[in-house]
Amino acid sequence: MNRQIILTKSKRLMIKIIMVCSIFFIIGCQSTETLVRNTENQNSEEENELNHSSESNSNNTNDQVTEDAVEYEHDSIEETPVPSVEEDIPSLAAAYAEYFPIGAAVEPFQTTGLKSELLKKHVNYLVAENVMKPDAIHPSEDKYNWENTDKIVEFAKINGMELRFHTLVWHTQVGNWFFTDAEGKPMVDETDPVKQEENKKLLLDRLDSHVRTIVSRYKDDIKSWDVVNEVIEPGDPEGMRASEWYKIAGPDFIETAFRAAREAGGPNIKLYINDYGTDNPAKRDHLYKLVKELMDKGVPIDGVGHQTHIDLYGPTVTSVIESMQMFSDLGLDNLVTELDMSIYAWDDHSDYGEEIPEEILQKQAERYHELFEAFKENKEILSGVVFWGIADDHTWLDSFPIERTNAPLLFDKQLHAKPAFWGVVDPSKLP
């Protein structure tokens with residue numbers, strides 16, 4: 001009997017302890033409060049006082065925690081806008097309908113979801129950021145990857161968008177298999193003149209097949225083609241980039257690529273030579289010389305693609321237009337193919353972080369306004385403007401030349417219009 005009484009008391013004590021702990025951790029629970037008060041009737045006066053004190057402290061703590069949580073949640077919502085497509089702003093492409101198409105570089109994943117809705121509202125011209133480059137579409141001699149390019153082609157067709165191809169030939173993002181000889185050795189290491197000629201022929205044959213295969217597949221869907229990309233480098237001999245293409249085949253690889261593209265694609269596709277820094281007189285003059293030589297030899301080139309990766313501080317808008325005018329005087333078309341505007345000067349490796357100063361965003365808006373006013377005034381020599389991306393949440397400049405926050409495009413990371421957008425579409429909206 002005594003043992004039973006002891007066990008009963010132990011159980012009762014255990015229940016009391018559990019209930020007291022519950023009062024501390026199960027805050028604001030009315031059912032717990034009722035249980036505690038029923039138990040207090042069996043407790044000593046000292047225990048009753050202790051429990052009452054604990055309950056009061058718990059409820060006070062709960063009130064403070066709840067208020068803090070609500071305030072924190074409210075602040076978080078205000079500080080982090082939700083990504084969305086703003087339906088109550090003008091369409092970028094529609095605003096420039098009487099001038100030229102407006103485009104953007106895309107990845108396949110951007111052809112679905114919220115980003116695709118942003119593209120559909122604001123652009124009518126597309127180019128692949130990476131999946132049409134040689135290593136992606138033709139990773140080995142006997143293998144082509146069509147799937148990702150096909151996705152972008154289909155998206156453009158469904159939405160009535162024009163499409164560019166970038167790029168058939170480049171010195172980077174290209175498979176090493178192009179540059180190995182029949183024995184698997186690097187062609188650039190060959191010193192025997194006879195074998196060097198054999199290697200040149202092998203390389204040009206591979207290039208010819210590469211170009212014809214791709215152009216034949218997409219000639220009915222893609223009218224604008226970057227045939228060769230970034231072949232000019234003023235610091236290299238004769239101003240030609242000393243790539244493996246050039247070291248093995250000389251300038252003949254450029255002629256081979258253009259001729260194969262024309263023969264495979266017919267007269268209706270437009271063939272471009274594409275490069276950055278075309279506003280720089282030293283680079284521009286080397287490019288002009290090369291293009292003039294190609295044209296004199298009857299190489300089928302239709303125009304020049306000006307990448308136009310610029311920043312807040314340079315180059316001048318005048319220099320951009322002057323370069324276009326030079327090539328127009330040769331009877332060639334001009335395209336802005338990869339437009340973006342870094343918020344940092346070229347040699348500045350600082351980082352604003354996530355809080356970009358408002359005056360920097362306003363300066364960007366003013367410079368975009370100046371640039372697009374010049375584009376509109378010269379629409380006769382410019383047939384399209386393509387941004388290298390659509391919003392700041394996806395830009396190569398976040399990792400080049402260093403990793404940092406950049407904001408080079410017209411829409412921010414939440415896909416909302418920046419001051420730069422209004423600088424291009426309606427400058428009256430700017431402060």
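Reply: A salt bridge is counted here when a side-chain nitrogen of Lys or Arg lies within 4 Å of a carboxyl oxygen of Asp or Glu. Side chains of opposite charge can pair when their charged atoms come close. The model is a predicted one, and a search of the whole structure finds 23 salt bridges.

Consider Arg241, which forms a salt bridge with Glu233, their closest N and O atoms being 3.9 Å apart; this pair meets the definition because the limit is 4 Å. Arg241 counts as buried because its relative accessibility is 15% and buried means under 20%, whereas Glu233, at 22%, counts as partly exposed.

In the salt bridge between Arg164 and Asp226, the closest N and O atoms are 2.6 Å apart. This pair links distant parts of the chain, since Arg164 belongs to strand β3 (residues 162-169) and Asp226 to strand β4 (residues 224-229), 62 residues apart. Arg164 is buried at 2% relative accessibility, and Asp226 is buried as well, at 0%.

Lys201 and Asp205 also form a salt bridge, with 2.8 Å between the closest N and O atoms, but here both residues lie in helix α8 (residues 193-218), four residues apart, which is about one turn of the helix. Lys201 is exposed, with a relative accessible area of 54%, while Asp205 is partly exposed, at 41%.

Finally, salt bridges can be joined up, as with Asp208, Arg212 and Glu263, which are linked in a network.

Key
Residues are numbered from 1 along each chain as its sequence is written. This is a predicted model: local features need pLDDT of at least 70, side-chain atom pairs count only at pLDDT 80 or more; totals for chains, interfaces and linings use all residues. Side-chain values use heavy atoms; hydrogens and water are left out. Helices (H or I, at least four residues) and strands (E, at least two) are DSSP runs, numbered from the N terminus. Buried means under 20% relative accessible area, exposed over 50%, partly exposed in between (1.4 Å probe, protein chains only).
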